[in-house]
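Dear colleague,

Please find below the structure that I am handing over to you. My notes on what was found in it follow directly after.

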Amino acid sequence: MRLVVINFKGKESEGVEGVDFYVHGYWPIHIGGVEVYITTTHVCLAIVMVVLIAFAIVANRIIAKADPTKAPTGFLNVIELMVETLDNLVVSNMGKKLAPKFRNYVGVVFMFLIVCNLSGLFGLRPPTADYGITLPLGLITFTMIQYQGIKWQKWGRLKGLFEPFFLFFPINVISEFATPVSLSLRLFANILSGTMMMALIYGLLPKFILWIWPAALHAYLDVFAGALQAYVFAMLTMVFIANAADIED
């Protein structure tokens, strides 16, 4: 059995025999004397974006052609259910003042994460198994948290860093900057661990066992864990922003 060594130069890497973690470099790009690669993550991310854009276009056309005097049916019914569920979720966690401003962002993030996390069911490597995807999402949420806190609390946001007394300032600052790290690492680590477990199972187990056992693991690692992590990220985003704003409805 060989030790796993992964490179990004489009070449076969030595690793555990028969195991593929789906981390490959395909096309080199030279930027300012630095060579970077289009990797599996970029390809899978592009596929996810195409799926989401296609869904949005189809949904938009169906809504545009819908008759407002008739009850919705079929796919339109599914769209309305999704929108109503999202609206209720955002309002219940962020309040009536903040909800209209953030339901689009929360909805897009949740849909993006759920499709990324479930993409492993279709033979893709989930883009969220790459920290280069989850960290920017955490930083975007962090920026929104700070902006909303300053917008609504003004100097009270800075004052809160010195509570309950000034000696807590370093701890409070560290806790603020820990938010994007914890958000991104939680999502990244859970999805990556599931991806690696499935790669080991498919690479090491006898073929006849793979007809039965992996189905249950896919149900947990891809469907349950993937949906749960998307929900947790969206929920924490709403809660952190609402707590920073700290406004009454």
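**Overall layout**

Along the sequence, the protein follows the pattern β-β-α-α-α-α-α-α. In total there are six helices and two strands; helices (H or I, at least four residues) and strands (E, at least two) are DSSP runs, numbered from the N terminus. This is a predicted model, in which local features need pLDDT of at least 70 and side-chain atom pairs count only at pLDDT 80 or more, while totals for chains, interfaces and linings use all residues. Residues are numbered from 1 along each chain as its sequence is written, and side-chain values use heavy atoms, with hydrogens and water left out.

Of the 249 residues, 34% count as buried. Here buried means under 20% relative accessible area, exposed over 50%, and partly exposed in between (1.4 Å probe, protein chains only). Among contacts (heavy atoms within 4.5 Å) between residues at least 6 apart in sequence, 60% join residues at least 24 apart.

Helix H1 covers residues 40-65, and its end C-alpha atoms are 38 Å apart. This agrees with the 38 Å that its 26 residues should span at 1.5 Å a residue, the expected span being 1.5 Å times one less than the number of residues. Thr40, Thr41, Cys44, Val48, Leu52 and Ala59 of H1 are buried. Their cover includes strand S1 (25-31), strand S2 (34-39), H2 and H3.

The axes of H1 and H2 come within 9 Å and cross at roughly 80°. Axes are lines fitted to C-alpha atoms, for helices over the stretch in contact, and angles run from 0 to 180 degrees between N-to-C directions. H1 and H2 are therefore roughly perpendicular to each other; angles under 35 degrees count as roughly parallel, over 145 as roughly antiparallel, 65 to 115 as roughly perpendicular and the rest as oblique. The residues in this contact include Val48, Leu52 and Ala59 of H1 and Phe75, Met111 and Phe112 of H2. By class, the contact of H1 with H2 has 17 nonpolar, no polar and no charged residues. In this scheme Ala, Val, Leu, Ile, Met, Phe, Trp, Tyr, Cys and Pro count as nonpolar, Asp, Glu, Lys and Arg as charged, and the others, Gly among them, as polar.

**H2 against H3**

Helix H2 (residues 74-118) packs with H3 at an angle of about 170°, the axes lying 13 Å apart. That makes H2 roughly antiparallel to H3. Among the residues that meet are Leu98, Lys101 and Phe112 in H2, and Ile133, Gln148 and Trp152 in H3. Ten nonpolar, two polar and two charged residues make up the contact of H2 with H3.

**Ile247**

Ile247 lies in the segment after helix H6 (213-245). With a relative accessible area of 22%, Ile247 is partly exposed. Leaving aside residues up to four places away in sequence, Ile247 touches Lys97, Leu98 and Trp152. Ile247 and Gly95 are 152 residues apart in sequence, yet 8.5 Å apart in space, C-alpha to C-alpha.

**Aromatic pairs**

The structure holds three aromatic pairs. One of them, Phe142 with Phe177, is tilted, at 5.4 Å centre to centre and 40° between the planes. Rings of Phe, Tyr and Trp (its six-membered ring) pair if their centres lie within 6.5 Å; planes under 30 degrees apart count as stacked, over 60 as edge-to-face and the rest as tilted. The pair links distant parts of the chain, with Phe142 in helix H3 (residues 131-153) and Phe177 in helix H5 (residues 169-204), 35 residues apart. Phe142 counts as buried at 14% relative accessibility, whereas Phe177 counts as exposed at 53%.

With kind regards
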